[in-house]
Structure formats: structure tokens, C-alpha cells
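Dear colleague,

Please find below the structure that I am handing over to you, together with its sequence. My notes on what was found in it follow directly after.

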Amino acid sequence: MQASRARLFKEYKEVQREKSADPDIQLVCDDSNIFKWTALIKGPSETPYEGGVFQLAFAVPEQYPLQPPQVRFLTKIFHPNVHFKTGEICLDILKNAWSPAWTLQSVCRAIIALMAHPEPDSPLNCDSGNLLRSGDIRGFQSMARMYTRLAAMPKKG
Amino acid sequence: MRHGYILGILKGMGYIPHNSPEDPFIDHIKHNTAVQLKFGRHRNSERKKMQNQEKCGASCEFDDWSNFEDEDIMQQQSDIKAEEAQKVPFVADKEPLSALASEYQSGSPILLEKIKVLGEQYAAIRRTRGDGNCFFRSFMFSYLEHILASQDQAEVDRIKAKVEECRRTLQSLGHADFTFEDFFALFLEQLDNVLQGNESSISHGELVVRSRDQSVSDYVVMFFRFVTSGEIRKRSEFFEPFILGLTNATVEQFCKSSVEPMGEESDHVHITALSDALGVPIRVVYLDRSSCDSGGASVNHHDFIPTPGDCPNATSGSTETTIPFITLLYRPGHYDILYPK
């Protein structure tokens, strides 16, 4: 508990110091609880998520950094490796390939990389995965684009 | 066939084609669900959801499927670990070698013969938990126990210099200090504590207690994992052919997936890298069912000797052979500590 708190505090200071280093990620710690974080990440360019801003929720366990943080999309996203309803993310580094070498910041980067490079063979959103697996790139992109517009972009007017 | 079966269930439940027209995409999703069940990593949990669905009838909402997640799998894994933990602590008590023989009483005669041969050279064994970290835990305990017994200040100074080198290696590979410094600090603290004559000095009994304490043991294991990963990447050209022989991964991928995560088992590559990085020779004695051509049973061992100049006691230009003070017993998939006579 003490170790995880100390580590998170170091990450907090690092995030403050490097605030402008990565313009695609805005990582914020909860005012009253250092084990709760949220992040705003920009959809990577040349993907259907471009122009969207996606919110992630982090719940950090007491055994952190020996155990991974739990991360979910709060913003609806149509992506093979993100559960359509719960926002759960299927990413190896958040499961068995986790190591303390990762940080909350680098997890955000890994999630952005996942958005740009979906893994349709281990889908959490199987419909999305099937569109890609069947080669219907256009179908996938238009669905993903539609949800990006509906959920991840500011409403016009 | 399974595809058709599942489709049948869905139809029988009135799930397909049963559309609420308010959201054409949800309809699309429902329809495609039947196809996807055939594939993918999440197939089993999906099927579990199907059964659940079946139980509670077609009135169930799609949302209920989210009750079964990867967390189920994670939970099962941690249950298995807890069960394993009941059997052996991270580091067990020292046992006479006869304890090893009794384990194989009704087993392979080759193994029994080899254990007899082992008994000529080795007196005791100390088991470690088979949780994928056994090599690192064995190394940790064996090394600290050696320092505690020998009070070899020169060796402590030497390894501390190597640890600093490892720190610089990780920095030069782009790791932020805060990601690894806690693990380094905890190892250095154990090292200082086994040296006697300070307020913080610990007894052998306390070393055993600490090695069984997850918050100490896991942190030291992680320290070794960082050191191992740093060494492999620093000398990636040297390690690359070995890694290619083991897996299909690049050096970087190998370190990310098979060295840095807790619970990933160690192989020759890990042992070589750790031994080189810290300059500590390690002997691994192999106990397996391979028999010898010559007839009589013999037990193979392999010494991992760090590159000259790096190993303890080595004087420059000396050709004197180093005898490792750490001896591990390898049985396929697992490492324990061996004690010579």
C-alpha cells in the first residue's frame, strides 16, 4: 500500500513535469484519491478515431506496480479489442504481460497504439472484429467513425 | 458445425432474427454475434455467457453478458496461485536430499539412480514455489544466504558496483528512474542487512522470513527481472540468436513478454544475462530422465560463468577456474536450491 502510493506520487510528479511532452495524452489524478485517475486521449490520425477525444478511467490496485491498473474506456468506442458496453480493454500489458516497467502514461500510449492497430483475432467486440476479419474495412471504418462522431466529438451548434 | 449449433440456439431463443428497430447497429451486432462465437480468445467466456443467456431465457438483455469478463480468467489464475501457495512457501525449509528421493519412490529408476549420484556431492535441498519466479527466488535466497554466512565485504562492494552499472544500463535504455528505483533500493537494503554488525543486521531466520514475505520477495524478483532485461537489451547482438532459437520474438519483444512480467519462467537466456550482469557465477545441476550412453548414471551440470574480469575472486589474467557458490537444481520447468556437502 505504502509502496504503491509512493510510486503513484512519483508518477504524479512526472506527469506534472512532462505535461506538454505528449499532447495526445492528458492524464489527471483524482483530487482526493491517488488510486483513481482519468485520462483524455486523442484518437490517432489516419484512423476512424481521428478528431475524437476518448476518456479512460484508471483504477489502481494496492499491489501496483506489481499488478496492472484496471483501465476502461468511458467514451463509447467501436473497436475489436474494447468491450462495446463496459469499455473493458483487451490488451496483454493490462493482463499477463504487465510489468512495473510500464507507467500510467505509457499505458495510455499503448492504448493509442492499440486504437491504430486493432487485433481482430482476439476480439472483445466481435462484430467489430468480424468486419475486419472478413475484409470489410469500409464497413468497419464507417461504424468506428460513426461512433467517434456520436460519442467522442463535441456536439456542433 | 458448432456455428450451426449456436445459430440454432439463438434462433430457438428467439434471439435471431428478433430486432428492435430503434437501433439498426445493435441489430447488426446481434446478428453478427452468432458468427463470432466460433473464433477468438474470448470464445470460452462467450460460450459461458451463452449458457447463462440460455438459463435466464430470451428476455435477458445483451448487457448481462458483461457479467463474464477476463476478470473471471484472472480470478481463476489467482485461485490456482493461492492453491500452489498452500503447498510451498516462496522459499521452503532446508531438507535432506533423501526428501528428494522419497518424492520419486515409485518413479523412474533413472531418476532414483541420479538422485543417488547427487547424494555423493550434495547434502540438502531447499525448495522454492513453482510460480514462474522460482529461478529468481532461488538465486535471491542463495546469494543473500551466502553473503550472510561468508560476511564477504569485498563481494558486497563488487556487486554494488555492478548494480550501479545495471542502473546506468536501464537509464541508457530509456527507463525513467522511478519505474525501477524502488526495486533496486529494496535489494540493496537486503544486501546491507545480511552484513552483520549494524543495527539493521538480520539473522538467518529473519532472512528466511523476509524471503517468504511477498512484499520483499516479489520486489527483489522484480529487481532481478529489470537487471536481466537490461543486460539482454544492452547486449542484444549477443543474445539475439539464442532468443530466436527459443521464440520467434525480437529481443525487445522477448524482454517485454518473457523477462519483465512477473511469473514468466526463466531459461538459459535469463540465467546467462543475470549471471553476467551481476558478475555472479551460477551452477545448474540437471535432473531429468535422459540416460547416459556409458551405462552408469551421471548427473550433468552447467556452470554459468560471467565474462572474465567480472567474476568475484578473479585476478586479471588468471586462468583459475571459478567454482560457483550458487548451485541450483533444475528439473524440467523448475529450479530449487542445492547445498553441497
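UniProt positions are given here in the numbering used for this structure, feature names are shortened, and an annotation may be inferred rather than shown by experiment. Please also bear in mind that this is a predicted model.

With that understood, I begin with the annotated residue. According to an unreviewed UniProt entry, the annotation "active site" covers Cys90(A). Cys90(A) lies in the loop that runs between β4 (70-73) and α2 (104-116) of chain A. Is Cys90(A) buried or exposed? A residue counts as buried if 20 or more other C-beta atoms lie within 10 Å of its own. Cys90(A) has 22 other C-beta atoms within 10 Å and is therefore buried.

Four strands of chain A form an open sheet in the order β1-β2-β3-β4, with antiparallel pairing. Because β1 (25-29) and β4 of chain A each have a single partner strand, they stand at the edges, and one side of each is left without a neighbour in the sheet. On average, neighbouring strands of this sheet are turned by 20° against each other, direction ignored. Helix α2(A) packs on the sheet and touches β1, β2, β3 (53-59) and β4 of chain A. The direction of α2(A) makes about 140° with that of β1(A).

The axes of α7 (residues 134-150) and α9 (residues 177-194) of chain B come within 8 Å and cross at roughly 30°. Angles under 35 degrees count as roughly parallel, so α7(B) and α9(B) are roughly parallel to each other. On the α7(B) side, Leu144(B), Ile147(B) and Leu148(B) meet Gln190(B), Leu191(B) and Val194(B) of α9(B). The residues of this contact comprise five nonpolar, one polar and no charged.

Finally, helix α14 (residues 268-278) of chain B is mostly covered, with ten of its eleven residues buried. Among the buried residues of α14(B) are His270(B), Thr272(B), Ser275(B) and Asp276(B), as well as Ile271(B) and Leu274(B).

With kind regards

Technical notes: Residues numbered from 1 in each chain as written. Chains lettered and ligands numbered in written order. Predicted model: local features only at pLDDT ≥ 70, side-chain atom pairs only at ≥ 80, totals over all residues. Helix = DSSP H or I, 4+ residues; strand = E, 2+ residues; numbered from the N terminus. Buried ≥ 20, exposed ≤ 12 C-beta atoms within 10 Å, placed from the backbone. Pairing = 2+ DSSP bridges. Axes fitted to C-alpha atoms, helices over the stretch in contact; angles between N-to-C directions. Contact = placed C-beta atoms within 7 Å. Parallel < 35°, antiparallel > 145°, perpendicular 65-115°, else oblique. Nonpolar A, V, L, I, M, F, W, Y, C, P; charged D, E, K, R; others polar.
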